[in-house]
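The following note sets out some points on strand pairing, domain arrangement and helix packing. Please read the points alongside the model.

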Amino acid sequence: MSDWKTLDSANPTEEHSMLREMVRGWVASEVEPQALEHDRNEKFNLGLFRQMGEMGLLGITAPVEHGGAGMDALAAALVNEEISYSDPGFCLAYLAHSMLFVNNLSRNGSEEQKARILPKVCSGEWVGAMAMSEPDIGTDVLGMSTTADRQEDGSWLINGRKMWITNGCIDDEGTPCDVVWTYAKTGVDQKGRAEISTFIVEKDHPGFSVGQKILDKTGMRASNTAELVYDDCRVPADALVGNPGESIIHMMRNLELERLTLAAQSVGIAHRCVVEMNRYATEREAFGRQIREFGQIQRHIGESFAEWRAMHAYLYDVARKMDVSSSGQRLDSDGIKLVATTMAKNIADRAMQVMGGYGYVGEYVVERLWRDAKLLEIGGGTLESHQKNITRDLAKDDSVLQ
Ligand SMILES: Cc1cc2nc3c(=O)[nH]c(=O)nc-3n(C[C@H](O)[C@H](O)[C@H](O)COP(=O)(O)OP(=O)(O)OC[C@H]3O[C@@H](n4cnc5c(N)ncnc54)[C@H](O)[C@@H]3O)c2cc1C
């Protein structure tokens, strides 16, 4: 522990530093130049996404033997942070694929499922998604109405609709993604609660289709969001993940990484907004002075800088301790998502205020980040669900407060 004082918590090993350097360079040269156009046109950049397969980023936490990079939660956080510095919308498509599908399969799938599917999703040949939300339910997961019924031959018939599914379609023509981690109700347990089971639905399974691409979102417009339809969708017996009724375990194992990486998106947004408002405050003059000399502008920059530093430190403290193979970090994965998402939204708002009229137009970037930031307070769990979870978890175990 001789070097603990110099430890860089966001890049604790040489491997993490090299990964950050590689992703940062690629983001500057490939991601930044296309971000505004893809936001404006509501287009997902499939070619850019596939580059990430070549770079080994799509399976960042997946096992090496199946084509993944075998890295940890901190690596996943830093990739999401770096991409969101330039393009949070594109990053959301990456997150839905790599955290919500690939990591889920890596942690919960059978050896046969992993061997068959992981190489395709780690390379980018296949695009994946995760379908939990429905038109009538979001937070209340156990209230879902999509059902799956086992048939005599062992196959399953899935019926229902899923809503808001990132990567659900890959283009404007409604072409579905290749594979969807789908949750469906398969019965009720002994206590009368919904029994939820997990199915790997592939685009060629009969009865599976895209209902609609959801257009005109406030932000995150470079990722596609779709409604998915399961109309007597027949999937084979081996599409079931684990045993019936095990989805809660699957959700618990994946949720923490999902929330950590959504928080990492917020940190990337906040970083960029601090950079932009700081630069602008030097370049812009009013009343014969740089605007950074005005006390009210100093308050915007000072508070934003300090909040960005605070969220960054909390993010990497949680990331360092998180084990992607197990659960047990919900208190802090909800904690970092709760504070980082609102801080990023507020920092983007202050950046726009500092930049005046220029902040309000696309060319100056913060307008897009301001719109993107809001989704992070809703997706992957709303602020209210994090408040509820934190308070519940502290009632069970308050050792962190001692
Ligand atoms: C752009 C985008 C991408 C998304 N991507 C995906 C995806 O890939 N896969 C997927 O499955 N879903 C996805 N979602 C859905 C997202 O996860 C849900 O929107 C979110 O979980 C909230 O659900 P809801 O919209 O149904 O709101 P609701 O759950 O209906 O909540 C409405 C309001 O009521 C509050 N509320 C609900 N219950 C309680 C309670 N018990 N106590 C206090 N307040 C409560 C909520 O906090 C919220 O403020 C996406 C959504 C968007 C907008």
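1. Strand β3 pairs with strand β7 (residues 225-235) in the antiparallel sense, over eight bridges; strands count as paired if DSSP finds at least two bridges between them. Within this pairing, L157 has R234 of β7 as its bridge partner. Strands here are DSSP runs of E of at least two residues, helices are runs of H or I of at least four, and both are numbered from the N terminus.

2. The model is predicted: local features need pLDDT of at least 70 and side-chain atom pairs count only at pLDDT 80 or more, while totals for chains, interfaces and linings use all residues. Residue numbers start from 1 along each chain as its sequence is written.

3. Strand β3 (residues 156-166) is also joined to strand β2 (residues 147-150), by four bridges, and these two strands run antiparallel. Here A148 has I158 in β3 as its bridge partner. Five residues lie between the strands of this hairpin, and G154 takes a positive phi near 95°.

4. The domain assignment, automatic or from a database, divides the protein chain into domain 1 (8-123), domain 2 (128-246) and domain 3 (248-396). Between the C-alpha centres of domain 2 and domain 3 the separation is 30 Å. Eight residues of domain 2 contact nine of domain 3, a contact being C-beta atoms, placed from the backbone, within 7 Å. On the domain 2 side, three of these residues are nonpolar, four polar and one charged (nonpolar: Ala, Val, Leu, Ile, Met, Phe, Trp, Tyr, Cys and Pro; charged: Asp, Glu, Lys and Arg; polar: the others, Gly among them).

5. Helix α1 (residues 14-40) packs on helix α3 (residues 73-86) at about 25°, with the axes 8 Å apart (axes are lines fitted to C-alpha atoms, for helices over the stretch in contact; angles run from 0 to 180 degrees between N-to-C directions). The two are therefore roughly parallel, a class for angles under 35 degrees, with over 145 counted as roughly antiparallel. Residues on the α1 side include L19, V23 and V27, and those on the α3 side include L74, L78 and I83. The contact of α1 with α3 holds 11 nonpolar, two polar and four charged residues.

6. The axes of helix α6 (residues 247-283) and helix α10 (residues 366-375) cross at roughly 155° and come within 10 Å. This is why α6 is roughly antiparallel to α10. The contact involves S266, I269, R272, C273 and E276 of α6, with V366, L369, D372 and A373 of α10. By class, five of the residues are nonpolar, one is polar and three are charged.

Notes: Parallel < 35°, antiparallel > 145°, perpendicular 65-115°, else oblique. Contact = placed C-beta atoms within 7 Å.
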